[in-house]
Amino acid sequence: MAMPRRRIKKVCWFEQNNVEPDYKDIKIISRYITERGKIVPRRLSGVTSKNQRRLAVAVKRARHLAMLPFVAENIK
């Protein structure tokens, strides 16, 4: 019989540091983007739903301003 795994409670980094997601902070935003350029889902990142929505808007703004790529480069 398999033992049930206990999940580690993930804490929102933005709530901990009292910071809002901002499109100008590429270093922070890139932490929540995969190597393929997709936004990491909330259940994996541990971000609250309010900050996940703000993060998505910030990523989309940064992409529009060419601070972040829309997709990853072709891998060969």
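Rings of Phe, Tyr and Trp (its six-membered ring) form a pair if their centres lie within 6.5 Å, and such a pair is stacked with planes under 30 degrees apart, edge-to-face over 60 and tilted for the rest. All the views below come from a predicted model, in which local features need pLDDT of at least 70 and side-chain atom pairs count only at pLDDT 80 or more, while totals for chains, interfaces and linings use all residues. Residues are numbered from 1 along each chain as its sequence is written, and side-chain values use heavy atoms, with hydrogens and water left out.

Trp-13, Phe-14 and Tyr-32 are linked by ring pairs into a cluster. Two aromatic pairs are present in the structure. In the pair made by Trp-13 and Phe-14, the ring centres are 5.4 Å apart and the planes meet at 85°, so this pair is edge-to-face. Here, buried means under 20% relative accessible area, exposed over 50% and partly exposed in between (1.4 Å probe, protein chains only). Phe-14 is buried at 2% relative accessible area, whereas Trp-13 is partly exposed at 23%. Look too for Arg-31, whose charged end sits over the ring of Trp-13, 4.7 Å from the ring centre; this label requires NZ of Lys or CZ of Arg within 6 Å of the ring centre and within 35 degrees of the ring normal.

**View B. Helix α4 and its two faces.**
Helices (H or I, at least four residues) and strands (E, at least two) are DSSP runs, numbered from the N terminus. Helix α4 covers residues 49-64, and at 1.5 Å a residue its 16 residues should span 22 Å, which agrees with the 23 Å between its end C-alpha atoms. The expected span is 1.5 Å times one less than the number of residues. The buried residues of α4 are Asn-51, Gln-52, Leu-55, Ala-56, Ala-58, Val-59, Ala-62 and Arg-63. Viewed down the axis of α4, these buried residues fall within an arc of 165°, so they line one face of the helix; the arc is taken from the directions between the helix axis and the C-beta atoms. Exposed residues Arg-53, Lys-60 and His-64 are carried on the face turned away from the buried side. The buried residues of α4 pack against α1 (13-17), α2 (26-29) and α3 (42-45), with contact meaning heavy atoms within 4.5 Å.

**View C. The largest nonpolar core.**
A nonpolar core is a set of buried Ala, Val, Leu, Ile, Met, Phe, Trp, Tyr and Cys residues joined through side-chain atoms within 4.5 Å. The largest one has 12 residues, among them Cys-12, Phe-14, Tyr-32, Ile-33 and Leu-68. Both α2 and α4 give two or more residues to this core, and α4 provides the largest share, with four residues. Ile-33 touches Lys-38, Val-40, Val-59 and Leu-68, leaving aside residues up to four places away in sequence.

Gln-16 belongs to helix α1 and is exposed, with a relative accessible area of 56%. Gln-52 belongs to helix α4 and is buried, at 14%. With residues up to four places away in sequence left out, the contacts of Gln-52 are Ile-39, Val-40, Pro-41, Arg-42, Ser-45 and Val-47.

Asn-18 is not a glycine, yet its phi is positive, about 55°. Asn-18 lies in the loop between α1 and α2 and is exposed at 74% relative accessibility. Ala-66, in the segment after α4, has a positive phi near 65° and is exposed at 67%.
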